[in-house]
Amino acid sequence: MSIEPQTLMLSALQHYAYCPRQFALIHVEQAWADNRFTAEGTILHERVDSGIAEQRKGTRYERGVMLKSERFKLTGKMDLLEIEQSEQPKYLPVEYKRGKPKIEDWDRVQVCAQALCLEEMRDTSVTEGAIWYWEVRRRETIQIDDALRAATIAAIEAAHAILATGKTPPPTDDVKRCRACSLVDLCEPGIFRRDHSSDYVDAIFLEPEEAMGK
Ligand code: SF4
């Protein structure tokens, strides 16, 4: 009997893209801790999530839109959907973030996943999205191109694999991310890394047969 994959929250993809261990701690082990960054993010989303639609000139603005993808087993809510109305409406997902633009893809992956849901739900093609960064009051346009789609689909599949196995991966090698992570006290990445390196040192001094498990 095949087991149906669990549905993945869109917001969880950002956790996966930031650190697979963070994703597993939150979505498998159900651990959560707020810090200043996450608390500010929650307040920001409550502010923008009014659910009220607006029409300005040729564009409709829908807030707090529910999203779903059967194909990717995703569900969640988007902050804002802009629809440029014409014979072929243009859909543009907009996400609000508290910080500033990042080189890494973890915010863009979430917007791309929203685009994948929209394409499936509204039988359309989404080529652009946007992120509005609260700290710097700037809107960044995102191209939903093949590279971002591939990175997003890889993140979706890897996150589903963690949900299916229930196994929490080791800490990220990027220690800078741990400094901004609200789960650092629960995760204890330093202890894990120390234990791991002592295993490695022990293995060096084992007899060859022992090291090979014979
Ligand atoms: S503390 Fe570091 S390794 Fe642990 S979940 Fe956070 S980012 Fe990942």
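How do the residues of the shell around the ligand divide into nonpolar, polar and charged, and what are the counts? In this predicted model, the shell comprises 9 nonpolar, 2 polar and 2 charged residues.

## Ligand shell

The ligand is surrounded by 13 residues, and the closest of them are C19, P171, C178, C181 and C187. Three elements each contribute two or more residues to this shell: α2 (20-27), α6 (175-179) and α7 (184-187). The largest share belongs to α2, which provides 3 residues.

## P171 and its surroundings

P171, one of the closest residues to the ligand, is located in the loop between α5 and α6. With 23 other C-beta atoms within 10 Å, P171 qualifies as buried, because the threshold for that class is 20 or more.

Setting aside residues up to four places away in sequence, P171 touches R21, C178, C187, P189, F192 and R193. Two of these partners, C178 and C187, are also listed among the closest residues to the ligand. P189, another partner, is 18 residues from P171 in sequence, while their C-alpha atoms are 5.7 Å apart in space.

## Overall organisation

The protein contains 9 helices and 7 strands. Of its 214 residues, 27% count as buried. Among contacts with a separation of 6 or more, 64% join residues 24 or more positions apart.

## Nonpolar core

The largest nonpolar core consists of 38 residues, within which L13, A113, I156 and A159 have the most contacts. At least two core residues come from each of α1 (10-18), α2, β4 (74-84), β5 (90-97), α4 (106-122) and α5 (146-165). The greatest contribution is that of α4, with 8 residues.

A113 is in contact with L10, L13, L74, T152 and I156, when its neighbours within four places in sequence are left aside. Of these partners, L13 and I156 are themselves among the residues with the most contacts inside the core.

## Packing of α1 against α5

Two packed helices are described by the angle between their axes and the distance between the axes. For α1 and α5, the axes come within 10 Å and cross at roughly 90°. The two helices are therefore roughly perpendicular to each other, since angles of 65 to 115 degrees fall in that class.

On the α1 side, the contact is formed by A12, L13, Y16 and A17, which meet A155, I156, A158 and A159 of α5. By class, this contact has 8 nonpolar residues, with no polar and no charged ones.

Note on methods. Residues numbered from 1 in each chain as written. Predicted model: local features only at pLDDT ≥ 70, side-chain atom pairs only at ≥ 80, totals over all residues. Near = placed C-beta within 6 Å. Helix = DSSP H or I, 4+ residues; strand = E, 2+ residues; numbered from the N terminus. Nonpolar A, V, L, I, M, F, W, Y, C, P; charged D, E, K, R; others polar. Core = buried A, V, L, I, M, F, W, Y, C linked by C-beta atoms within 7 Å. Buried ≥ 20, exposed ≤ 12 C-beta atoms within 10 Å, placed from the backbone. Contact = placed C-beta atoms within 7 Å. Axes fitted to C-alpha atoms, helices over the stretch in contact; angles between N-to-C directions. Parallel < 35°, antiparallel > 145°, perpendicular 65-115°, else oblique.
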